[in-house]
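Hi,

Here is the structure I promised to pass on.

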Amino acid sequence: MKIHPLAGSVAPAEILINVAKLVTAYYSERPDPSEPSHRVAFGTSGHRGSSFKRSFNEYHVLAMTQAICDYRKANGIDGPLFIGIDTHALSEPAFVSAMEVLAANGVEAHVSAGGEYVPTPAISHAILTYNHGRTGGLADGIVITPSHNPPDGGGFKYNPTNGGPADTDITGWVERQANAYLTDDLKAVKRMPFEQAMAASTTHQHDFLRHYVDDIGNVIDMDAIRAAGVRMAVDPLGGAGVNYWPAIAAKYNLDLTVLNTVVDTSFRFMSVDWDGKIRMDPSSPYAMQGLIGLKESYDVAFACDTDHDRHGIVCASAGLIPPNHYLSVAIDYLFQNRPQWSATAAVGKTLVSSQMIDRVSAGIGRKVVEVPVGFKWFAAGLVDGSLGFGGEESAGASFLRRDGRVWTTDKDGLAPALLSAEITAKTGRDPGENYQALIAKYGEPTADRIQAVANPEQKAKLSKLSPEQVSSTTLAGEAITAVMTKAPGNNAAIGGLKVVTENGWFAARPSGTEDIYKIYGESFSGQEHLQAILKEAQAIVDEALK
């Protein structure tokens, strides 16, 4: 992975987006339905694109919203629809488009009080709280966000009645219906003027912030954090939770400093990511340079991405903790400090997450459920309590309330961030020190990831990798114990390939959100062994792309 010369430095003016041109393109540019890159395409987390590329424009949002209205009608979903946006420049105009369609279809839309931004977990929380104890009139939701993607990005997610990301059967249906509307020039899309839509009797205000903040004390032991005097700092990275953090600090009387309350759709305050782009990724050491520089000033510090469904943890002992390290620490802590959780509640992990999670889970006597990439695979288990925790290597996680009931079924960046303070308070060690204790007990993994540009045709080839393409019986000198194209936890296709040995593994798959492919590798036998794994994995990928 070639690191850009600007990586880690504050974004220079010449790479900032022209917000006015971006928003203008949202309205002025129309997608060509015959061009694959212009069509609606739901990846692992909704449809994403840019108005500059004619992949996220007004036509897309009108078509997707009408398709969701059609899906609700076809499936008898007639409760409220909770809708919220993040701080990307395209989210505001997309909200306008979506509301024009929702109101015209008579959908009871609950919008954020006062136009407040809404983190993804607050939408999931609202859906689950409303639906608790109900069997009919169930709620669902829309989150308008491209997550941590660059400032020119737009995104649109549908969360059904279980509160989590929509499964492929739903997104496939919505995608086909939306593309049919695009092909037919939106002729059957219902729409009314925005001012009329916001004044409609079906449009209601909802205080997402208050409901979420008042309830998160049932997930995190705020008393322990306060009593221990844990000194915390948070950088919202200009995201949707910017006003949630001060409210949490005030509600629970925490020593929490909010470092940056600026919302700027150019995200000019960010340090540049590895590839020279601005990306609000709290797991990136390049994007997190500002917070890493403050590691000695606080007991623990954290950040979240733009829709606050990902977390990044910084502490004095380790700096920015790699996501897999923190997931391992969180799992080890939670299952030993949540006595009201079911004794059979399992650990959910994605197939590209660390084997350290497997070793930790075995050590605390918990089953591991390994699923493909995508948080949607954890939703059902979190709802019924069969999963106590679900996490993915891209720094997304959620877990149960302290009493063992569901909290959110979509990723929540705020709760894992605050959990780092609870861990520090209760163990007397920061998360980095806790991870060192796990290394002493289970061994030390070395991990790396290769990613490179891949066009749609190449991504399609990678998604169809088969076990037959691995002719060797060994990987980096060790016997291969498993070659997977389906996840062992639910037998779902992984959209790529995973090869496992006793002390290492690799997985190769196309990204579901960007035009890149990724090769993940890990070894418990050192850096040299890891590089051998990655070299053999790259050879398999190169052959597949020929």
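**What I found**

Pro 445 counts as buried, with a relative accessibility of 10% (buried means under 20% relative accessible area, exposed over 50% and partly exposed in between, with a 1.4 Å probe and protein chains only). Before going further: this is a predicted model, where local features need pLDDT of at least 70, side-chain atom pairs count only at pLDDT 80 or more, and totals for chains, interfaces and linings use all residues. Residues are numbered from 1 along each chain as its sequence is written, and side-chain values use heavy atoms, with hydrogens and water left out.

Back to Pro 445, which sits in the loop between α15 (431-442) and β17 (446-453). Helices (H or I, at least four residues) and strands (E, at least two) are DSSP runs, numbered from the N terminus. Setting aside neighbours within four places in sequence, Pro 445 is in contact with Ser 354, Met 356, Tyr 435, Glu 522, Ser 523 and Phe 524, contact being heavy atoms within 4.5 Å. Gln 355 is 90 residues away from Pro 445 along the chain, and their C-alpha atoms are separated by 8.0 Å.

Now for another proline. Pro 5 is exposed, at 78% relative accessible area, and is found in the segment before α1 (19-28).

The C-alpha trace spans about 65 × 60 × 50 Å along its principal axes. Of the contacts with a separation of 6 or more, 71% are between residues 24 or more positions apart.

One thing from the records: an unreviewed UniProt entry carries the annotation "domain: Alpha-D-phosphohexomutase alpha/beta/alpha" over residues 40-180, 211-315 and 323-442. Bear in mind that UniProt positions are in the numbering used here, feature names are shortened, and annotations may be inferred rather than shown by experiment. In the model, residues 211-315 are 24% helix and 16% strand, with end C-alpha atoms 30 Å apart. Residues 323-442 come out at 44% helix and 16% strand, and there the end C-alpha atoms lie 17 Å apart.

Cheers
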